[in-house]
Amino acid sequence: MTKLRINLALQGGGAHGAFTWGVLDRLLRDEDLEIAAISGTSAGALNAAALKSGMLAGGSEGARASLDALWTEVARSSSAGMGQWFGQELFSPAMLSRALELSPVYAFADAFNRVTSPYASGPFYNHPLQSIVDGLDYGEVCAPEGPDLFIGATNVRSGKVKVFQGAEIGPDALLASTCLPTLFRAVEIAGEAYWDGGYTGNPPLFPLFESDYPEDILIININPLGRDEVPHTAQEIQNRINEISFNTSLLRELRAISFVQRLISEGKIEQGAMKWVNVHMIADDALMNELSVATKTVAIPSVLDALKGAGQAAADSFLDAHRSDVGRRSSVDLQAMFS
């Protein structure tokens with residue numbers, strides 16, 4: 001049977017990237033799918049690198065094991081041990097998210113980070129993800145075999161998106177992609193300083209437009225596009241600002257795809273002059289609406305497990321409903337999205 005070739009676009013969103021872990025775990029168990037290229041930012045970049053490293057070492061099962069190891073280490077290194085303290089499976093992710101927001105320890109840490117600079121720690125500065133990115137095999141991550149990888153970051157000085165690929169991808173590139181400027185120092189690479197890629201490409205889609213790649217881009221979206229309620233509390237307002245800012249670049253690229261599709265459909269662009277892109281999306285906005293930026297920044301083990309399970313279920317639903325769309329048509333109605 002002919003494989004269904006797809007590109008993956010993996011959003012960043014801190015510990016909520018465990019949802020993408022679940023999605024990838026399910027996709028890797030599907031023998032009909034072949035991943036041609038992956039674009040990832042922040043947590044999406046970590047997921048992408050772990051997937052490829054494991055895949056080259058041990059195929060799909062190796063990729064799944066590598067992702068499991070990544071998120072086990074993320075849970076273990078959760079800041080200040082709060083993830084373990086809150087990690088009671090008796091409570092729902094929504095309850096744990098709210099409890100974390102209201103905890104004095106989290107409130108103090110959040111306020112402290114807003115008025116201090118990560119440069120203030122002097123020689124005591126330590127990046128909590130350093131050991132995680134150092135543990136990957138970059139001979140495999142950067143190998144020409146397997147899916148091509150594109151890792152998004154933001155150039156601090158120019159404000160432009162930077163896409164690392166091939167031999168450019170190393171521990172520093174992954175740290176740059178995950179570098180929230182209120183928590184971490186800018187990552188210096190070849191004389192340039194970088195922050196989290198979510199500000200300029202979450203994730204960048206344009207590297208996946210090349211003619212060598214399949215037409216289908218499957219976006220794993222972990223920042224809810226919409227919320228029914230208008231935020232009122234300080235935490236709710238900050239949380240929605242975070243979601244909107246980290247979806248802006250994605251929506252901009254989707255609007256550009258929609259525009260090109262309309263021009264092609266109306267015959268204003270010759271067939272083949274620009275690539276037609278089929279857009280698909282896996283998300284669980286209902287679950288993400290119950291969570292907040294608190295559960296993005298603190299990896300609570302039981303929440304990570306719930307997110308993984310939700311990702312697996314969402315991928316199952318996508319494959320049941322849209323497997324036949326891959327290679328033929330978009331399953332996301334971009335015209336309706338931007339009408």
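**Salt bridges and a helix pair**

Modeller: Let us start with Glu73, which forms a salt bridge with Arg76 (a side-chain nitrogen of Lys or Arg within 4 Å of a carboxyl oxygen of Asp or Glu), their closest N and O atoms lying 2.6 Å apart. The model is a predicted one, in which local features need pLDDT of at least 70 and side-chain atom pairs count only at pLDDT 80 or more, while totals for chains, interfaces and linings use all residues. Residues are numbered from 1 along each chain as its sequence is written, and side-chain values use heavy atoms, with hydrogens and water left out.

Biologist: How many residues apart are Glu73 and Arg76 in helix α2?

Modeller: They are three residues apart in helix α2 (residues 43-76), which means that about one helical turn separates them; helices (H or I, at least four residues) and strands (E, at least two) are DSSP runs, numbered from the N terminus. Glu73 is partly exposed at a relative accessible area of 22%, whereas Arg76 is exposed at 54% (buried is under 20%, exposed over 50%, partly exposed in between, with a 1.4 Å probe and protein chains only).

Biologist: Which parts of the chain does the pair of Glu192 and Arg157 link?

Modeller: Glu192 forms a salt bridge with Arg157, with 3.7 Å between the closest N and O atoms. This pair links distant parts of the chain, since Glu192 is in strand β6 (residues 192-196) and Arg157 is in the loop between β3 (148-155) and β4 (161-165), 35 residues apart. Glu192 is partly exposed, with a relative accessible area of 28%, and Arg157 counts as exposed at 58%.

Biologist: Is Glu243 buried or exposed?

Modeller: Glu243 is buried, with a relative accessible area of 2%, and its salt bridge with Arg227 has the closest N and O atoms 2.7 Å apart. Glu243 lies in helix α9 (residues 234-265) and Arg227 in the loop between β7 (216-220) and α9, so the pair ties together parts that are 16 residues apart in sequence. Arg227 counts as partly exposed, at 26% relative accessibility. Elsewhere, salt bridges that share partners join Asp25, Arg29, Glu61 and Arg64 into one network, and the structure holds 16 salt bridges.

Biologist: At what angle do helices α1 and α12 pack?

Modeller: Two packed helices are described by the angle between their axes and the distance between the axes. Helix α1 (residues 18-28) and helix α12 (residues 301-322) pack at about 45 degrees, with their axes 6 Å apart (axes are lines fitted to C-alpha atoms, for helices over the stretch in contact, and angles run from 0 to 180 degrees between N-to-C directions). That angle makes α1 oblique to α12 (under 35 degrees is roughly parallel, over 145 roughly antiparallel, 65 to 115 roughly perpendicular, the rest oblique).
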